[in-house]
Amino acid sequence: MNEYLKETKEVLNELESNPNGLSTAEAQKRLEKNGKNKLKEPEKDGIVKKFIKSLIDPMIIMLLVAATISAVTAIIQGESFTDVFIILFVVIVNTILGMVQESKAEHAIDSLMEMTKSTSKVLRDGIIKNVKSEDLVLRRCYCFRSR
């Protein structure tokens with residue numbers, strides 16, 4: 001990490017580069033070998049998993065219990081299931097609206113992340129270029145092993 005104390009040729013040799021920077025082909029080769037310079041993004045939940053997660057909310061559970069009690073009461077007293085259907089309708093509409101809002105929020109965050117991607121200046125083929133920071137390449141792969 002003290003390259004500033006070394007001669008230019010020595011540093012370029014260690015970095016496996018030259019005064020003109022990496023060639024575009026070499027940079028592409030290293031990018032394919034080591035992958036993008038970014039953290040792995042977590043997988044997004046599917047629509048069914050999101051639906052089930054939204055039903056775990058305590059208020060929704062209370063409404064489902066109320067619907068169950070209302071259904072049992074309706075069966076015992078021989079009444080209609082209108083209350084049950086109204087409660088279930090409210091639960092379903094609430095869940096769908098929550099999923100739509102969550103989806104819009106995720107889309108907005110993804111758009112903001114795309115707009116704010118950082119760039120870096122690199123020397124490639126003797127020309128200073130701006131590249132996305134995720135397209136920066138390593139000189140060699142550093143692998144850490146647990147002991």
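Helix H5 (residues 82–115), helices here being DSSP runs of H or I with at least four residues, strands being runs of E with at least two, and both being numbered from the N terminus, has 34 residues that should span 50 Å at 1.5 Å a residue, and its end C-alpha atoms are 49 Å apart, which agrees; the expected span is 1.5 Å times one less than the number of residues. The model is a predicted one, in which local features need pLDDT of at least 70 and side-chain atom pairs count only at pLDDT 80 or more, while totals for chains, interfaces and linings use all residues. Residues are numbered from 1 along each chain as its sequence is written, and side-chain values use heavy atoms, with hydrogens and water left out.

The buried residues of H5 are Val-84, Ile-87, Val-91, Thr-95 and Met-99, where buried means under 20% relative accessible area, exposed over 50% and partly exposed in between, for a 1.4 Å probe and protein chains only. These residues pack against helix H3 (47–55) and helix H4 (58–77), contact meaning heavy atoms within 4.5 Å.

Helix H5 also supplies the largest share of the lining of the largest pocket, 5 residues. This lining comprises 17 residues, of which Lys-38, Glu-41, Asp-110, Met-113 and Lys-117 lie nearest the pocket centre. A pocket is an open set of points on a 1 Å grid over the protein atoms alone, where a 1.4 Å probe fits, with protein on both sides within 12 Å along at least five of seven lines, and lining residues have an atom within 4 Å of a point.

Asp-125, in the loop between strand E1 (119–124) and strand E2 (127–132), has a positive phi near 55 degrees although the residue is not glycine.
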